[in-house]
Amino acid sequence: MSADKTTWVKVHPAMVRICHWGNAIAIILMVMSGWQIYNASPLFPFRFPKAITLGGWLGGAIQWHFAAMWLLVANGLLYLVYNIASGRLRMKFWPIRPGEVLHDLGQALRGRLAHADPTHYNAVQKLAYVGVMLLIAGVVVSGLAIWKPVQFGVITELLGGYEFARRVHFFCMALIVFFVAVHVVMVALVPKTFIAIITGRAKAGVVEAA
Amino acid sequence: MKSPFAKKVTAQADRHLINEVAKRLDAPARRQFMKYSMSLGSLAMLTGCDTSSDEALDKMLTGISRFNDRVQWAIFNPDRLAPTYPDSMIKVPFPFNAYYDVDQVREVDGSTWKLEVSGLVADKRSWTLAELAALPQMAQTTRHICVEGWSAIGRWGGVPFRTFLEKIGADKTARYIGFKCADDYFTSIDMPTALHPQTIMALTFADHTLPADFGYPMKIRMPTKLGYKNPKHVMSMFVTNTNPGGYWEDQGYNWFGGS
Ligand code: HEM
């Protein structure tokens with residue numbers, strides 16, 4: 001560790017920070033309105049508590065859901081185009097080696113995962129971030145399948161038909177929510193990453209991975 | 001100060017609750033109840049300090065919903081067919097759904113029933129059930145998808161709506177067709193969907209006369225639209241260029257409601 005507390009390093013480009021918060025807002029709106037829509041005809045023997053849903057009733061929830069979807073998709077595409085074109089996606093998230101994931105996971109569980117370099121993601125982070133990107137792609141595609149089972153019938157067929165696609169949509173949501181829960185706990189454990197995803201900068205050598 | 005989010009949620013929840021309760025009352029009691037809840041609402045508005053942001057939010061969401069209508073109109077492919085299924089997959093019993101309970105279903109007398117036709121059509125005469133039954137018929141087993149999320153496969157048969165529209169000389173360049181129903185329900189659809197080969201003036205369900213629960217004597221069945229766009233007990237229809245809205249659509253359900 002070459003900790004120099006006066007040296008600030010650039011961690012997140014502005015585009016990444018904007019997209020991150022755009023995405024966080026979109027996901028929260030989509031998930032909360034989605035829960036309200038789920039409650040109108042539950043797939044499983046439970047409902048989401050009213051207090052954590054958005055929209056007030058089915059019609060209001062659908063309005064939110066089909067408004068926030070544009071933010072989610074537009075923001076997600078912007079993020080992807082920027083990250084692919086700049087080469088950042090490959091640089092930051094590739095490769096993901098199973099051995100490293102296991103090693104870093106073991107270290108993290110023992111509370112020993114310290115990173116001198118805040119600009120670098122550990123293997124568990126890489127897997128989690130790429131994983132949630134794929135889950136968001138999955139929730140969007142399965143959403144299209146149940147929104148337009150006739151016009152986009154090909155997608156619906158590929159996802160096993162309308163009723164199966166509904167369940168795919170639900171499980172993508174559940175895994176995204178699980179990611180967010182763990183993600184937010186990790187950020188709370190390493191608050192400096194929180195400053196970095198807002199201001200873009202961190203003090204070199206003192207930021208641990210979230 | 002309550003957040004605009006919370007306000008919005010309560011306002012819509014209240015509206016929904018009021019609808020739910022009204023649904024369970026008879027007509028005079030309903031009018032009374034609506035009157036009281038309305039004045040309660042205005043009282044709440046007098047005390048509320050962020051009604052304007054609440055309204056702005058409502059306006060934004062409605063605006064995006066109108067935008068979504070246009071998007072759906074654009075991606076609607078008049079030649080793309082909804083999947084059909086074997087009759088063995090028909091859901092038994094097929095679920096009843098309406099804005100009222102099943103014991104409130106309207107009994108329409110088919111022997112005196114006449115479909116009224118108006119608006120941008122050449123021939124405005126009314127149609128009896130026997131006259132409709134004498135027109136060419138078709139039947140299809142398709143999936144009914146409800147806005148609530150559930151779906152059920154059923155079989156509807158009757159007059160291809162396109163055949164009927166051509167018969168009455170409807171202006172096919174008009175934008176909308178509105179429907180009024182015996183149960184005070186009303187809705188409207190776009191002309192491209194009306195002309196879609198799977199849009200049926202349904203007179204039968206599962207090859208038997210349409211039961212009262214499913215809209216006797218006639219319902220419009222479109223496998224390319226959500227359930228609430230498929231009116232039951234249709235009494236009159238009109239072709240127009242002004243969007244007639246609908247019972248649920250006017251409360252916030254998306255107007256196009258396409259699948
Ligand atoms: C709502 C509260 C949230 C907080 C406080 C938060 C915080 C953070 C922080 C601090 C980082 C940077 C981690 C680091 O530099 O080590 C980060 C990155 C990331 N977060 Fe979140 N986040 C939130 C919501 C979400 C949601 C809802 C998602 C997706 C479902 C998400 C997905 C991601 C991804 C993919 C990255 C990596 C982005 C990149 O480097 O390109 N976050 N988040």
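Reply: The accessible surface of chain B comes to about 12300 Å² (Shrake-Rupley method, 1.4 Å probe), and carbon and sulfur atoms contribute 59% of that area. The model is predicted: local features require pLDDT of at least 70 and side-chain atom pairs count only at pLDDT 80 or more, while totals for chains, interfaces and linings use all residues. Residues are numbered from 1 along each chain as its sequence is written, chains are lettered from A and ligands numbered from 1 in the order in which they are written, and side-chain values use heavy atoms, without hydrogens and water.

Chain B has 259 residues, of which 47% count as buried (under 20% relative accessible area, 1.4 Å probe, protein chains only). Among its contacts with a separation of 6 or more, 69% join residues 24 or more positions apart; a contact means heavy atoms within 4.5 Å.

The secondary structure of chain B consists of six helices and 10 strands (DSSP runs of at least four residues, H or I, and of at least two, E, numbered from the N terminus). Five strands of chain B form an open sheet in the order S2-S1-S10-S5-S6, and their pairing is mixed; strands pair if DSSP finds at least two bridges between them. Its edges are strand S2 (127-128) and strand S6 (186-190) of chain B, each of which pairs on one side only.

At the S6 edge, the partner is strand S5 (residues 176-181) of chain B, which runs antiparallel to S6(B) and is joined to S6(B) over five bridges. Within this pairing, Gly178(B) has Ser188(B) of S6(B) as its bridge partner.

Technical notes:
Buried means under 20% relative accessible area, exposed over 50%, partly exposed in between (1.4 Å probe, protein chains only).
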